[in-house]
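This report describes how secondary-structure elements pack in the model shown here. Please keep the sequence and the structure open while reading.

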Amino acid sequence: MDYGIEVRDQEAVVRLRGRLTFNDHAKLRTLIGEMAQNPARRQVLDLSSLEFVDSAGIGMLLIAREEMANANKQFILRAATGQVKRVLTVAQIAKIVPIED
Amino acid sequence: MSVEPAVRGTPDGLESARVLVVDDNRINRHLLLALLERGGITLVEQAEDGQDALTRMEHFKPDLVLLDLMMPHMDGFEMCRRLRADPRWKALPVLVQSSLNRAEDRARAFAAGATDYVTKPINAVELLARVRIHLRKRALLRDLEQYHSRTEAELALARNMQVRLLPGPDRLAELEAATGVAVDAHFAPSSELGGDFWGIERLPGGRIAVYLVDFSGHGVGAALNTFRLDAICRQVGTTALTPAEFLAAVNRRLCGLLPSGQFATMLTGLIDPVAGVFHYASAGSTAPMLWLPGDAAPRLGDGTGLPLGLLPSASYDSRQMPLPPGARLFLYSDAAIEIPVGTDVLDETGLAAMIARRIDEPDSGRLLAGLLEELRATGPIDDDLTALLLTRRG
(Lines give C-alpha, C1' and ligand atoms only; values in the text may rest on other atoms or scores of the structure.)
Protein backbone atom coordinates (compact mmCIF):
# COMPACT_ATOMS: atom_id res chain seq x y z
CA MET A 1 0.00 0.00 0.00
CA ASP A 2 1.09 3.57 -0.53
CA TYR A 3 -0.67 6.88 -0.11
CA GLY A 4 -0.72 10.57 -0.92
CA ILE A 5 -2.15 13.38 1.20
CA GLU A 6 -3.76 16.52 -0.17
CA VAL A 7 -4.62 19.15 2.44
CA ARG A 8 -7.31 21.64 1.43
CA ASP A 9 -8.95 24.36 3.55
CA GLN A 10 -11.02 22.29 5.90
CA GLU A 11 -10.32 18.84 4.61
CA ALA A 12 -7.35 16.53 4.22
CA VAL A 13 -7.83 13.82 1.60
CA VAL A 14 -5.65 10.76 1.95
CA ARG A 15 -5.69 8.54 -1.11
CA LEU A 16 -4.74 4.93 -0.38
CA ARG A 17 -3.46 2.81 -3.25
CA GLY A 18 -2.85 -0.90 -3.70
CA ARG A 19 -3.42 -3.53 -1.00
CA LEU A 20 -3.92 -2.75 2.68
CA THR A 21 -2.87 -5.79 4.73
CA PHE A 22 -1.18 -7.05 7.87
CA ASN A 23 2.18 -5.97 6.38
CA ASP A 24 1.27 -2.28 6.24
CA HIS A 25 1.05 -1.79 9.98
CA ALA A 26 4.11 0.50 10.29
CA LYS A 27 3.13 2.53 7.24
CA LEU A 28 -0.38 3.10 8.50
CA ARG A 29 0.97 4.13 11.91
CA THR A 30 3.03 6.81 10.16
CA LEU A 31 0.01 7.89 8.14
CA ILE A 32 -2.16 8.19 11.25
CA GLY A 33 0.54 10.40 12.79
CA GLU A 34 0.52 12.64 9.72
CA MET A 35 -3.27 12.86 9.77
CA ALA A 36 -3.23 13.87 13.43
CA GLN A 37 -0.58 16.53 12.72
CA ASN A 38 -2.12 18.32 9.76
CA PRO A 39 -4.52 21.14 10.63
CA ALA A 40 -7.63 19.98 8.74
CA ARG A 41 -10.66 19.14 10.87
CA ARG A 42 -12.00 16.59 8.37
CA GLN A 43 -9.78 13.65 7.52
CA VAL A 44 -11.05 11.75 4.49
CA LEU A 45 -9.64 8.41 3.40
CA ASP A 46 -10.23 8.10 -0.31
CA LEU A 47 -10.40 4.36 -1.01
CA SER A 48 -11.15 4.54 -4.74
CA SER A 49 -7.65 3.27 -5.64
CA LEU A 50 -7.47 0.67 -2.90
CA GLU A 51 -7.75 -2.79 -4.47
CA PHE A 52 -7.81 -5.04 -1.43
CA VAL A 53 -8.16 -4.91 2.33
CA ASP A 54 -7.83 -7.82 4.77
CA SER A 55 -9.12 -8.03 8.34
CA ALA A 56 -5.91 -6.57 9.75
CA GLY A 57 -6.34 -3.67 7.31
CA ILE A 58 -9.87 -3.05 8.57
CA GLY A 59 -8.42 -3.12 12.08
CA MET A 60 -5.98 -0.37 11.13
CA LEU A 61 -8.80 1.77 9.69
CA LEU A 62 -10.56 1.39 13.04
CA ILE A 63 -7.41 2.48 14.88
CA ALA A 64 -7.27 5.54 12.60
CA ARG A 65 -10.88 6.31 13.48
CA GLU A 66 -10.09 6.17 17.19
CA GLU A 67 -6.96 8.31 16.89
CA MET A 68 -8.89 10.92 14.90
CA ALA A 69 -11.59 10.96 17.57
CA ASN A 70 -8.88 11.50 20.19
CA ALA A 71 -7.46 14.36 18.10
CA ASN A 72 -10.97 15.80 17.84
CA LYS A 73 -11.13 15.32 14.09
CA GLN A 74 -13.80 13.92 11.83
CA PHE A 75 -12.89 10.70 10.06
CA ILE A 76 -14.59 9.64 6.84
CA LEU A 77 -14.14 6.73 4.45
CA ARG A 78 -14.89 7.59 0.84
CA ALA A 79 -15.42 5.91 -2.51
CA ALA A 80 -14.62 2.27 -1.73
CA THR A 81 -15.07 -0.10 -4.67
CA GLY A 82 -14.81 -3.81 -5.42
CA GLN A 83 -13.55 -6.11 -2.69
CA VAL A 84 -12.96 -3.19 -0.29
CA LYS A 85 -16.56 -2.07 -0.61
CA ARG A 86 -17.83 -5.63 -0.11
CA VAL A 87 -15.76 -6.10 3.04
CA LEU A 88 -16.90 -2.78 4.53
CA THR A 89 -20.51 -3.70 3.76
CA VAL A 90 -20.36 -7.21 5.23
CA ALA A 91 -18.74 -5.86 8.40
CA GLN A 92 -21.27 -2.99 8.58
CA ILE A 93 -18.44 -0.55 9.18
CA ALA A 94 -20.87 2.25 8.32
CA LYS A 95 -22.37 1.72 11.77
CA ILE A 96 -19.20 3.09 13.37
CA VAL A 97 -17.48 5.18 10.66
CA PRO A 98 -19.19 7.57 8.24
CA ILE A 99 -18.88 6.19 4.71
CA GLU A 100 -19.39 8.38 1.63
CA ASP A 101 -19.73 7.17 -1.94
CA MET B 1 40.69 -0.57 17.17
CA SER B 2 42.95 -0.72 20.20
CA VAL B 3 43.75 -3.58 22.52
CA GLU B 4 42.19 -3.02 25.90
CA PRO B 5 44.43 -3.73 28.87
CA ALA B 6 43.89 -7.22 30.29
CA VAL B 7 43.19 -5.88 33.79
CA ARG B 8 39.89 -4.47 32.60
CA GLY B 9 38.69 -7.93 31.76
CA THR B 10 36.30 -8.45 28.89
CA PRO B 11 32.88 -6.96 29.41
CA ASP B 12 31.58 -8.87 26.35
CA GLY B 13 32.00 -12.30 27.96
CA LEU B 14 35.12 -13.32 26.05
CA GLU B 15 36.67 -14.61 29.28
CA SER B 16 34.66 -17.79 28.87
CA ALA B 17 35.69 -18.21 25.22
CA ARG B 18 37.75 -21.33 24.40
CA VAL B 19 40.48 -21.06 21.79
CA LEU B 20 42.51 -23.89 20.28
CA VAL B 21 45.97 -22.81 19.05
CA VAL B 22 47.39 -25.14 16.39
CA ASP B 23 51.04 -24.59 15.45
CA ASP B 24 54.04 -26.94 15.22
CA ASN B 25 56.38 -24.24 16.53
CA ARG B 26 56.43 -24.04 20.33
CA ILE B 27 57.63 -20.42 20.35
CA ASN B 28 54.82 -19.39 18.03
CA ARG B 29 52.31 -21.13 20.28
CA HIS B 30 53.55 -19.32 23.35
CA LEU B 31 53.51 -16.03 21.55
CA LEU B 32 49.89 -16.56 20.57
CA LEU B 33 49.02 -17.70 24.10
CA ALA B 34 50.48 -14.53 25.62
CA LEU B 35 48.71 -12.45 23.06
CA LEU B 36 45.33 -14.03 23.74
CA GLU B 37 45.84 -13.65 27.47
CA ARG B 38 46.44 -9.93 27.01
CA GLY B 39 43.07 -9.82 25.30
CA GLY B 40 41.42 -11.53 28.27
CA ILE B 41 41.19 -15.00 26.73
CA THR B 42 42.66 -17.57 29.09
CA LEU B 43 40.91 -20.82 28.20
CA VAL B 44 43.43 -21.89 25.59
CA GLU B 45 44.47 -25.35 24.45
CA GLN B 46 47.54 -26.10 22.31
CA ALA B 47 48.01 -28.65 19.56
CA GLU B 48 51.19 -29.45 17.60
CA ASP B 49 49.68 -30.48 14.29
CA GLY B 50 46.39 -31.17 12.54
CA GLN B 51 46.07 -34.71 13.84
CA ASP B 52 46.75 -33.63 17.42
CA ALA B 53 44.25 -30.76 17.03
CA LEU B 54 41.44 -33.03 15.79
CA THR B 55 41.94 -35.30 18.81
CA ARG B 56 41.86 -32.38 21.22
CA MET B 57 38.74 -30.88 19.62
CA GLU B 58 36.65 -33.71 21.04
CA HIS B 59 37.02 -32.85 24.70
CA PHE B 60 38.10 -29.19 24.48
CA LYS B 61 35.21 -28.07 22.26
CA PRO B 62 36.73 -24.76 21.16
CA ASP B 63 34.82 -21.62 20.18
CA LEU B 64 37.59 -20.68 17.76
CA VAL B 65 40.65 -22.30 16.17
CA LEU B 66 43.85 -20.40 15.43
CA LEU B 67 45.40 -22.53 12.72
CA ASP B 68 48.86 -22.72 11.19
CA LEU B 69 49.03 -24.23 7.69
CA MET B 70 52.48 -25.78 7.28
CA MET B 71 52.75 -28.58 9.86
CA PRO B 72 54.06 -32.17 9.91
CA HIS B 73 51.71 -35.25 10.02
CA MET B 74 48.59 -33.34 9.02
CA ASP B 75 48.77 -29.80 7.67
CA GLY B 76 46.27 -27.01 8.27
CA PHE B 77 44.49 -27.43 4.92
CA GLU B 78 43.70 -31.07 5.58
CA MET B 79 42.68 -30.45 9.18
CA CYS B 80 40.32 -27.71 8.08
CA ARG B 81 38.70 -29.97 5.49
CA ARG B 82 38.18 -32.77 8.03
CA LEU B 83 36.81 -30.31 10.54
CA ARG B 84 34.21 -29.00 8.13
CA ALA B 85 33.15 -32.51 7.21
CA ASP B 86 31.86 -32.90 10.79
CA PRO B 87 28.48 -31.16 11.16
CA ARG B 88 29.33 -30.17 14.73
CA TRP B 89 32.13 -27.90 13.49
CA LYS B 90 30.49 -26.49 10.38
CA ALA B 91 30.08 -23.00 11.84
CA LEU B 92 33.22 -22.94 14.03
CA PRO B 93 35.41 -19.92 13.24
CA VAL B 94 38.82 -21.03 11.94
CA LEU B 95 41.32 -18.19 11.78
CA VAL B 96 44.36 -19.18 9.75
CA GLN B 97 47.69 -17.62 10.73
CA SER B 98 50.41 -18.51 8.26
CA SER B 99 53.62 -17.32 6.68
CA LEU B 100 52.20 -18.37 3.29
CA ASN B 101 51.15 -15.09 1.80
CA ARG B 102 50.45 -15.75 -1.88
CA ALA B 103 46.93 -15.21 -3.15
CA GLU B 104 46.60 -18.88 -4.14
CA ASP B 105 47.53 -20.02 -0.61
CA ARG B 106 44.76 -17.86 0.80
CA ALA B 107 42.35 -19.16 -1.82
CA ARG B 108 43.29 -22.77 -0.95
CA ALA B 109 42.77 -22.09 2.75
CA PHE B 110 39.35 -20.57 2.18
CA ALA B 111 38.45 -23.45 -0.13
CA ALA B 112 39.38 -25.85 2.69
CA GLY B 113 36.91 -24.03 4.95
CA ALA B 114 38.90 -21.28 6.70
CA THR B 115 36.87 -18.37 8.07
CA ASP B 116 39.61 -15.75 8.00
CA TYR B 117 43.33 -15.39 7.25
CA VAL B 118 46.20 -13.37 8.71
CA THR B 119 49.84 -13.61 7.60
CA LYS B 120 52.92 -13.90 9.75
CA PRO B 121 54.63 -11.98 11.16
CA ILE B 122 51.61 -11.54 13.37
CA ASN B 123 50.32 -8.05 14.06
CA ALA B 124 49.09 -8.41 17.64
CA VAL B 125 46.40 -5.75 17.47
CA GLU B 126 44.97 -7.05 14.23
CA LEU B 127 44.97 -10.68 15.29
CA LEU B 128 43.25 -9.95 18.58
CA ALA B 129 40.68 -7.74 16.88
CA ARG B 130 39.85 -10.53 14.42
CA VAL B 131 39.67 -13.14 17.18
CA ARG B 132 37.22 -10.94 19.05
CA ILE B 133 35.06 -10.29 16.01
CA HIS B 134 34.76 -13.99 15.25
CA LEU B 135 34.06 -14.92 18.86
CA ARG B 136 31.43 -12.23 19.16
CA LYS B 137 29.76 -13.34 15.93
CA ARG B 138 29.77 -16.92 17.17
CA ALA B 139 28.23 -15.90 20.51
CA LEU B 140 25.52 -13.92 18.72
CA LEU B 141 24.79 -16.79 16.38
CA ARG B 142 24.53 -19.19 19.31
CA ASP B 143 22.16 -16.85 21.14
CA LEU B 144 20.02 -16.63 18.03
CA GLU B 145 20.01 -20.38 17.59
CA GLN B 146 19.04 -20.91 21.20
CA TYR B 147 16.31 -18.30 20.93
CA HIS B 148 15.09 -19.85 17.73
CA SER B 149 14.89 -23.38 19.06
CA ARG B 150 13.24 -22.26 22.30
CA THR B 151 10.66 -20.24 20.37
CA GLU B 152 10.06 -23.13 18.03
CA ALA B 153 9.43 -25.49 20.95
CA GLU B 154 7.08 -23.04 22.64
CA LEU B 155 5.14 -22.41 19.44
CA ALA B 156 4.79 -26.14 18.85
CA LEU B 157 3.39 -26.55 22.35
CA ALA B 158 1.02 -23.62 21.88
CA ARG B 159 -0.12 -25.01 18.55
CA ASN B 160 -0.96 -28.30 20.20
CA MET B 161 -3.03 -26.44 22.76
CA GLN B 162 -4.81 -24.56 20.02
CA VAL B 163 -5.60 -27.71 18.07
CA ARG B 164 -7.05 -29.18 21.26
CA LEU B 165 -9.52 -26.30 21.49
CA LEU B 166 -11.11 -27.77 18.37
CA PRO B 167 -13.39 -30.80 18.36
CA GLY B 168 -11.37 -33.96 17.75
CA PRO B 169 -12.29 -36.94 15.54
CA ASP B 170 -13.78 -38.85 18.51
CA ARG B 171 -16.24 -36.10 19.34
CA LEU B 172 -17.18 -35.68 15.69
CA ALA B 173 -17.79 -39.42 15.30
CA GLU B 174 -19.96 -39.38 18.41
CA LEU B 175 -21.88 -36.37 17.09
CA GLU B 176 -22.50 -38.10 13.78
CA ALA B 177 -23.71 -41.28 15.46
CA ALA B 178 -26.11 -39.36 17.70
CA THR B 179 -27.44 -36.76 15.27
CA GLY B 180 -26.81 -37.98 11.72
CA VAL B 181 -24.75 -34.87 10.97
CA ALA B 182 -21.23 -35.58 9.71
CA VAL B 183 -18.53 -32.93 9.98
CA ASP B 184 -15.46 -32.74 7.75
CA ALA B 185 -13.05 -30.11 8.99
CA HIS B 186 -9.90 -28.42 7.79
CA PHE B 187 -7.81 -26.10 9.96
CA ALA B 188 -4.58 -24.58 8.59
CA PRO B 189 -3.01 -21.56 10.30
CA SER B 190 -0.77 -19.55 7.96
CA SER B 191 2.00 -19.61 10.58
CA GLU B 192 2.48 -21.86 13.65
CA LEU B 193 -0.51 -20.34 15.38
CA GLY B 194 -3.68 -18.94 13.93
CA GLY B 195 -6.53 -16.58 14.64
CA ASP B 196 -9.25 -19.01 13.54
CA PHE B 197 -11.19 -21.47 15.59
CA TRP B 198 -14.46 -23.34 15.49
CA GLY B 199 -16.66 -25.45 17.73
CA ILE B 200 -19.66 -27.72 17.56
CA GLU B 201 -21.90 -28.96 20.37
CA ARG B 202 -24.87 -31.25 20.83
CA LEU B 203 -27.82 -29.54 22.45
CA PRO B 204 -31.00 -31.01 23.99
CA GLY B 205 -33.67 -32.13 21.49
CA GLY B 206 -31.16 -33.33 18.89
CA ARG B 207 -30.17 -29.78 18.02
CA ILE B 208 -26.60 -28.81 17.20
CA ALA B 209 -24.79 -25.54 17.80
CA VAL B 210 -21.88 -24.69 15.52
CA TYR B 211 -19.63 -21.65 15.36
CA LEU B 212 -16.68 -20.38 13.38
CA VAL B 213 -14.47 -17.49 14.48
CA ASP B 214 -11.81 -15.53 12.62
CA PHE B 215 -9.80 -12.96 14.55
CA SER B 216 -8.36 -9.99 12.69
CA GLY B 217 -4.72 -10.50 11.79
CA HIS B 218 -2.95 -13.79 12.37
CA GLY B 219 -0.02 -15.17 14.32
CA VAL B 220 0.53 -15.24 18.07
CA GLY B 221 -1.59 -12.20 18.96
CA ALA B 222 -4.62 -13.48 17.09
CA ALA B 223 -4.07 -16.96 18.58
CA LEU B 224 -4.12 -15.64 22.14
CA ASN B 225 -7.47 -14.06 21.34
CA THR B 226 -8.87 -17.43 20.24
CA PHE B 227 -8.20 -18.82 23.72
CA ARG B 228 -9.94 -15.84 25.24
CA LEU B 229 -12.96 -16.21 22.98
CA ASP B 230 -13.16 -19.94 23.57
CA ALA B 231 -13.46 -19.26 27.31
CA ILE B 232 -16.16 -16.63 26.70
CA CYS B 233 -18.15 -18.99 24.44
CA ARG B 234 -18.13 -21.64 27.18
CA GLN B 235 -19.16 -19.08 29.76
CA VAL B 236 -22.05 -17.74 27.69
CA GLY B 237 -23.20 -21.23 26.71
CA THR B 238 -25.11 -22.07 23.56
CA THR B 239 -27.97 -24.01 25.14
CA ALA B 240 -30.60 -21.41 25.95
CA LEU B 241 -29.81 -18.62 23.50
CA THR B 242 -30.66 -18.03 19.85
CA PRO B 243 -27.60 -17.54 17.61
CA ALA B 244 -28.27 -13.78 17.50
CA GLU B 245 -28.54 -13.54 21.28
CA PHE B 246 -25.40 -15.63 21.64
CA LEU B 247 -23.40 -13.29 19.37
CA ALA B 248 -24.66 -10.21 21.23
CA ALA B 249 -23.66 -11.74 24.59
CA VAL B 250 -20.21 -12.77 23.35
CA ASN B 251 -19.71 -9.33 21.79
CA ARG B 252 -20.54 -7.52 25.03
CA ARG B 253 -17.94 -9.54 26.93
CA LEU B 254 -15.31 -9.20 24.22
CA CYS B 255 -15.66 -5.42 23.79
CA GLY B 256 -13.92 -4.56 27.04
CA LEU B 257 -11.08 -6.98 26.41
CA LEU B 258 -9.79 -6.26 22.92
CA PRO B 259 -7.40 -3.39 22.25
CA SER B 260 -8.27 -0.91 19.52
CA GLY B 261 -8.00 -2.33 16.01
CA GLN B 262 -8.61 -5.95 17.00
CA PHE B 263 -11.89 -7.69 16.36
CA ALA B 264 -13.33 -11.02 15.33
CA THR B 265 -15.80 -12.12 12.74
CA MET B 266 -18.05 -14.96 13.85
CA LEU B 267 -20.85 -17.08 12.53
CA THR B 268 -23.04 -18.94 14.97
CA GLY B 269 -25.59 -21.46 13.82
CA LEU B 270 -28.17 -23.79 15.24
CA ILE B 271 -29.24 -26.87 13.36
CA ASP B 272 -32.79 -27.91 14.15
CA PRO B 273 -33.24 -31.37 12.61
CA VAL B 274 -36.94 -31.64 13.53
CA ALA B 275 -37.89 -28.43 11.71
CA GLY B 276 -35.15 -29.01 9.09
CA VAL B 277 -33.80 -25.50 9.56
CA PHE B 278 -30.39 -23.91 9.98
CA HIS B 279 -30.81 -20.81 12.18
CA TYR B 280 -27.82 -18.50 12.19
CA ALA B 281 -26.47 -15.07 12.96
CA SER B 282 -23.32 -13.44 11.67
CA ALA B 283 -20.87 -10.84 12.93
CA GLY B 284 -19.26 -9.92 9.60
CA SER B 285 -18.48 -13.53 8.79
CA THR B 286 -18.31 -15.05 5.33
CA ALA B 287 -21.64 -16.02 3.77
CA PRO B 288 -22.59 -19.60 4.72
CA MET B 289 -23.21 -21.83 1.70
CA LEU B 290 -25.84 -24.51 1.70
CA TRP B 291 -27.20 -26.92 -0.86
CA LEU B 292 -29.98 -29.48 -1.00
CA PRO B 293 -30.05 -32.73 -2.96
CA GLY B 294 -30.70 -31.77 -6.60
CA ASP B 295 -29.38 -28.20 -6.28
CA ALA B 296 -27.10 -27.20 -9.16
CA ALA B 297 -25.22 -24.60 -7.11
CA PRO B 298 -24.95 -23.65 -3.44
CA ARG B 299 -27.32 -21.09 -1.96
CA LEU B 300 -25.55 -18.19 -0.32
CA GLY B 301 -26.58 -17.02 3.11
CA ASP B 302 -25.98 -13.55 4.49
CA GLY B 303 -22.84 -12.86 6.54
CA THR B 304 -23.52 -9.18 7.13
CA GLY B 305 -23.11 -7.94 10.67
CA LEU B 306 -20.79 -5.84 12.82
CA PRO B 307 -17.69 -7.82 13.86
CA LEU B 308 -17.28 -8.68 17.53
CA GLY B 309 -15.39 -6.37 19.82
CA LEU B 310 -16.16 -3.03 18.17
CA LEU B 311 -19.40 -1.77 19.66
CA PRO B 312 -20.81 -3.10 22.97
CA SER B 313 -24.41 -2.30 22.00
CA ALA B 314 -24.27 -4.20 18.69
CA SER B 315 -27.22 -6.46 17.96
CA TYR B 316 -27.45 -9.20 15.38
CA ASP B 317 -30.11 -10.40 12.95
CA SER B 318 -31.60 -13.89 13.16
CA ARG B 319 -31.48 -15.57 9.77
CA GLN B 320 -32.32 -19.03 8.51
CA MET B 321 -31.94 -21.46 5.64
CA PRO B 322 -33.64 -24.81 5.02
CA LEU B 323 -31.61 -27.84 6.07
CA PRO B 324 -33.58 -30.98 5.24
CA PRO B 325 -32.04 -34.47 5.28
CA GLY B 326 -29.36 -34.81 2.61
CA ALA B 327 -28.50 -31.11 2.73
CA ARG B 328 -24.95 -29.85 3.12
CA LEU B 329 -23.65 -26.72 4.79
CA PHE B 330 -20.25 -25.15 4.13
CA LEU B 331 -18.62 -22.65 6.52
CA TYR B 332 -15.17 -21.14 5.92
CA SER B 333 -12.86 -18.33 6.98
CA ASP B 334 -12.26 -15.39 4.66
CA ALA B 335 -8.88 -16.75 3.51
CA ALA B 336 -10.86 -18.93 1.10
CA ILE B 337 -12.40 -15.98 -0.72
CA GLU B 338 -9.45 -13.58 -0.50
CA ILE B 339 -7.22 -15.64 -2.76
CA PRO B 340 -5.94 -13.27 -5.45
CA VAL B 341 -7.29 -13.90 -8.95
CA GLY B 342 -5.83 -11.45 -11.46
CA THR B 343 -6.32 -7.99 -9.94
CA ASP B 344 -9.38 -9.13 -7.98
CA VAL B 345 -9.98 -11.89 -5.44
CA LEU B 346 -11.80 -15.22 -5.73
CA ASP B 347 -14.75 -13.92 -3.71
CA GLU B 348 -17.90 -15.82 -2.73
CA THR B 349 -19.08 -16.24 -6.30
CA GLY B 350 -15.81 -17.91 -7.30
CA LEU B 351 -15.94 -20.23 -4.30
CA ALA B 352 -19.59 -21.08 -4.99
CA ALA B 353 -18.69 -21.97 -8.59
CA MET B 354 -15.99 -24.34 -7.31
CA ILE B 355 -18.53 -26.05 -5.09
CA ALA B 356 -21.06 -26.25 -7.93
CA ARG B 357 -18.52 -28.21 -9.99
CA ARG B 358 -18.42 -30.99 -7.39
CA ILE B 359 -21.89 -30.62 -5.92
CA ASP B 360 -22.87 -34.22 -6.80
CA GLU B 361 -19.85 -35.77 -5.06
CA PRO B 362 -21.39 -38.17 -2.52
CA ASP B 363 -18.25 -38.55 -0.39
CA SER B 364 -17.98 -35.44 1.80
CA GLY B 365 -14.30 -36.04 2.65
CA ARG B 366 -13.44 -36.20 -1.02
CA LEU B 367 -15.55 -33.12 -1.76
CA LEU B 368 -13.73 -31.04 0.87
CA ALA B 369 -10.29 -32.33 -0.15
CA GLY B 370 -10.97 -31.56 -3.82
CA LEU B 371 -12.22 -28.11 -2.97
CA LEU B 372 -9.14 -27.32 -0.86
CA GLU B 373 -6.89 -28.59 -3.60
CA GLU B 374 -8.54 -26.28 -6.11
CA LEU B 375 -8.28 -23.34 -3.69
CA ARG B 376 -4.56 -23.93 -3.22
CA ALA B 377 -4.09 -24.20 -6.97
CA THR B 378 -5.92 -20.89 -7.48
CA GLY B 379 -3.33 -18.75 -5.71
CA PRO B 380 -1.36 -18.22 -2.53
CA ILE B 381 -3.38 -18.46 0.70
CA ASP B 382 -1.65 -16.11 3.12
CA ASP B 383 -4.12 -16.16 5.99
CA ASP B 384 -5.44 -18.83 8.33
CA LEU B 385 -7.84 -21.14 6.52
CA THR B 386 -10.62 -23.01 8.25
CA ALA B 387 -13.28 -24.91 6.33
CA LEU B 388 -16.17 -26.96 7.71
CA LEU B 389 -18.44 -29.17 5.67
CA LEU B 390 -21.53 -30.39 7.51
CA THR B 391 -23.58 -33.14 5.88
CA ARG B 392 -27.02 -34.06 7.12
CA ARG B 393 -27.58 -37.73 6.40
CA GLY B 394 -30.39 -38.35 3.90
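The sections below cover the sheet, the helices and the domains of a predicted model.

## The sheet of chain A

Chain A contains an open sheet of 5 strands, arranged in the order E1-E2-E3-E4-E5. Its pairing is mixed. Strand E1 (2–7) and strand E5 (99–100) of chain A are at the edges; each has a single partner strand, so one side of each is left without a neighbour in the sheet.

Arg78(A) has Glu100(A) in E5(A) as its bridge partner.

## Helices on the sheet

Helix H1(A) packs on this sheet, where it touches E1, strand E2 (11–20) and strand E3 (42–53) of chain A. The direction of H1(A) makes about 175° with that of E2(A).

Helix H2(A) lies across E2, E3 and E4 of chain A. Relative to E4(A), H2(A) runs at about 150°.

## Contact between H1 and H2 of chain A

Two packed helices are described by the angle between their axes and the distance between the axes. For helix H1 (residues 25–37) and helix H2 (residues 55–70) of chain A, the axes come within 10 Å and cross at roughly 20°. Angles under 35 degrees count as roughly parallel, which makes H1(A) roughly parallel to H2(A). The crossing of H1(A) past H2(A) is right-handed.

On the H1(A) side, the contact is made by His25(A), Leu28(A), Ile32(A), Met35(A) and Ala36(A). They meet Met60(A), Ile63(A), Ala64(A), Glu67(A) and Met68(A) of H2(A). By class, the residues of this contact are 8 nonpolar, 1 polar and 1 charged.

## A helix pair in chain B

In chain B, helix H3 (residues 76–85) packs against helix H4 (residues 103–112) at an angle of about 25°, and their axes are 8 Å apart. This angle makes H3(B) roughly parallel to H4(B).

Phe77(B), Cys80(B) and Arg81(B) of H3(B) meet Arg108(B), Ala109(B) and Ala112(B) of H4(B). The residues of the contact comprise 4 nonpolar, no polar and 2 charged.

## Domains of chain B

The domain assignment divides chain B into domain 1 (6–145) and domain 2 (166–392). Taken over C-alpha atoms, the centres of domain 1 and domain 2 of chain B are separated by 60 Å.

Definitions and conventions
Residues numbered from 1 in each chain as written. Chains lettered and ligands numbered in written order. Predicted model: local features only at pLDDT ≥ 70, side-chain atom pairs only at ≥ 80, totals over all residues. Axes fitted to C-alpha atoms, helices over the stretch in contact; angles between N-to-C directions. Helix = DSSP H or I, 4+ residues; strand = E, 2+ residues; numbered from the N terminus. Parallel < 35°, antiparallel > 145°, perpendicular 65-115°, else oblique. Left-handed = near helix turned anticlockwise from the far one by under 90°. Contact = placed C-beta atoms within 7 Å. Nonpolar A, V, L, I, M, F, W, Y, C, P; charged D, E, K, R; others polar. Domains from an automatic or database assignment. Pairing = 2+ DSSP bridges.
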